[in-house]
Amino acid sequence: MENYTIIIFILAIVIGISAFAEKSKLPFPILLVIVGVAIGFIPTMNEIEINPEIIFLIFLPPLLYDASFNISPKHFKTNLSTISTLAIPLVFLTTFWIAVVSHYMIPGMSWPLSFVLGAILSATDAVAAVNITKGLDIPEKTITILEGESLINDASALVAYRFAVAAVMGSAFIIWKATFQFVLLLGGGFLVGFVTGKILAFILKKVRNNINVTVSFMLLMPFVTYLIAEHLHVSGVIAVVILGLAMARLSNKVFPENLKNNARSLWDVIIFLLNGLIFILIGLNFRYILKDIDDGMILPYIGYAAIITIVALLTRMVRVFFQKKNLQKAFQKNKKGKRKVSENALLDFGNSLIISWSGMRGIVSLAIALGLPKFLDDGTAFPQRNAIIFISVAVVLITIIGQGLTLPWVVKKINSTNKDKELTQK
């Protein structure tokens, strides 16, 4: 009963901060994280333990479904090359470079443990990206790339994480097995999402005149799809994303306007509360993770987290600007006079910088870190577990607060520069 009281108290805070965020012009997620950290240090506040399975089952399906449902199919298709590049190769590149830096920087961090840390922090977060960029004067194409990337990259990160943890447990890493599992994970998730989307479309066409039944089915199906995919050991993330994309197309074709409005209103409230809970929980858990760290190691670990954040940001910048250059080459006509990409797929300097700076980590990284096994197969404690969790949470906080607070300034500066160029050209 006490935990329920705390949750109701947190929800009340979420609603109150939302009203304050609009007046203060500060991003909603950043305020929630800061308040969460502050609440966590209240002496009488009881610990709320985050169960990673609850995060993946209760929070992830509706949030992913909502983001994929609202993404622009046209922009998604046009920018698929950039989205897939950031969602797959960049995840593994980030894992690699964080692992290299961690191995040589953090005492006692073996190669397998370094890759575990790298995998935890390799993927950007859909929830953070959508919420922090909301309300900023960012082109829809750029927002679509950020959302599309963060919807897909969780699957890549989870594969890297599973193999890194298996290596710590003593299993050998075999590249062809990892590649096969990754393809199976993505392909299986796509298939599950496609099939459940077809089933849901068939049901909704039959019951679309009953608004309550239709909206209830749409609320339930992301959870069902995620559970089916995970039961079949394929990507529940990809399955829910495919379901959301399929429902977005169906909605535009067959749903009456009153149904869309009712469904949208209900989803808006649910997503608002879930987002609020997530960012408060990220902040709340900092105190309880802190208690497992020796006082003398807190500052060094925060320093390591800051360096890892810079490494992740630089890796992202290099890959984004490399993609910008590749797109420009692909846009040039070949011998047959054809272009490999359309002009709308090209990235300019401003878009590239915004995409680079928007790579916040969030609830998925936190859930993966907290899901680390406590013991190895022989019964001994999982090495460096507390250090990995603390550094992961510190990186999440640094990216959400640091990059999140500076992103509006970056966007404003780029927009101002673009306007000056337009005036000069005139």
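**Figure 1. In helix α15, the buried residues are G350, N351, S352, L353, I354, I355 and S356.** The model shown here and in the other views is predicted, and local features are taken only where pLDDT is at least 70, side-chain atom pairs only at pLDDT 80 or more, while totals for chains, interfaces and linings use all residues. Residues are numbered from 1 along each chain as its sequence is written, and side-chain values use heavy atoms, with hydrogens and water left out. "Buried" stands for under 20% relative accessible area, "exposed" for over 50%, and "partly exposed" for the range in between, using a 1.4 Å probe and protein chains only. Helices (H or I, at least four residues) and strands (E, at least two) are DSSP runs, numbered from the N terminus. Helix α15 spans residues 349-357 and is mostly covered, with seven of its nine residues buried. Look at the start of α15 too: a side-chain oxygen of D348 comes within 3.2 Å of the backbone nitrogen of G350. Such a polar contact is a pair of N or O atoms within 3.5 Å; within protein, one must be able to donate a hydrogen and the other to accept it, and residues adjacent in sequence count only if both atoms are side-chain atoms.

**Figure 2. Helix α5 packs its buried residues against several other helices.** This helix covers residues 80-87, and its buried residues are T82, I83, T85, L86 and A87. Which helices do the buried residues of α5 pack against? They meet α4 (73-78), α6 (89-105), α9, α14 and α15. Contact here means heavy atoms within 4.5 Å.

**Figure 3. R316 and E149 form a salt bridge.** A salt bridge is a side-chain nitrogen of Lys or Arg within 4 Å of a carboxyl oxygen of Asp or Glu, and by this rule the count comes to one. The closest N and O atoms of R316 and E149 are 2.7 Å apart. R316 belongs to helix α14 (residues 295-331) and E149 to helix α9, so the pair ties together parts that are 167 residues apart in sequence. Are these two residues buried or exposed? R316 is buried, and E149 is buried as well.

Figure 4. D154 is buried yet has no salt bridge, and the nearest side chain of opposite charge, R361, is 9.3 Å away. For charge, Lys and Arg count as positive and Asp and Glu as negative, while His and the chain ends are not counted. Leaving aside neighbours within four places in sequence, D154 is in contact with L64, A123, T124, V237 and V364. E147 counts as buried because its relative accessible area is 12%. With neighbours within four places in sequence left out again, E147 touches A67, I71 and V130.

**Figure 5. The largest nonpolar core has 140 residues.** A nonpolar core is a set of buried Ala, Val, Leu, Ile, Met, Phe, Trp, Tyr and Cys residues joined through side-chain atoms within 4.5 Å. Which members touch the most others? They are V116, I120, M247, I282, L372, I388 and I391. Helix α13 (residues 257-290) gives the most to this core, with 16 residues. Leaving aside neighbours within four places in sequence, I120 is in contact with Y161, S365, I368, A369, L372, I388 and S392.

**Figure 6. H233 and Q384 have a positive phi.** Most residues other than glycine have a negative phi. H233 is not a glycine, yet its phi is about 60°. H233 sits in the loop between α11 and α12 (236-254), and its relative accessibility is 65%, so it counts as exposed. Q384, also not a glycine, has a phi of about 60°. The loop that holds Q384 lies between α16 (363-370) and α17 (385-425). Q384 is partly exposed because its relative accessible area is 25%.

**Figure 7. N209 is found in the loop between α10 (175-207) and α11 (211-231).** Is N209 buried or exposed? N209 is exposed because its relative accessible area is 75%. I270 is 61 residues apart from N209 along the chain, and the C-alpha atoms of the two are separated by 23 Å.
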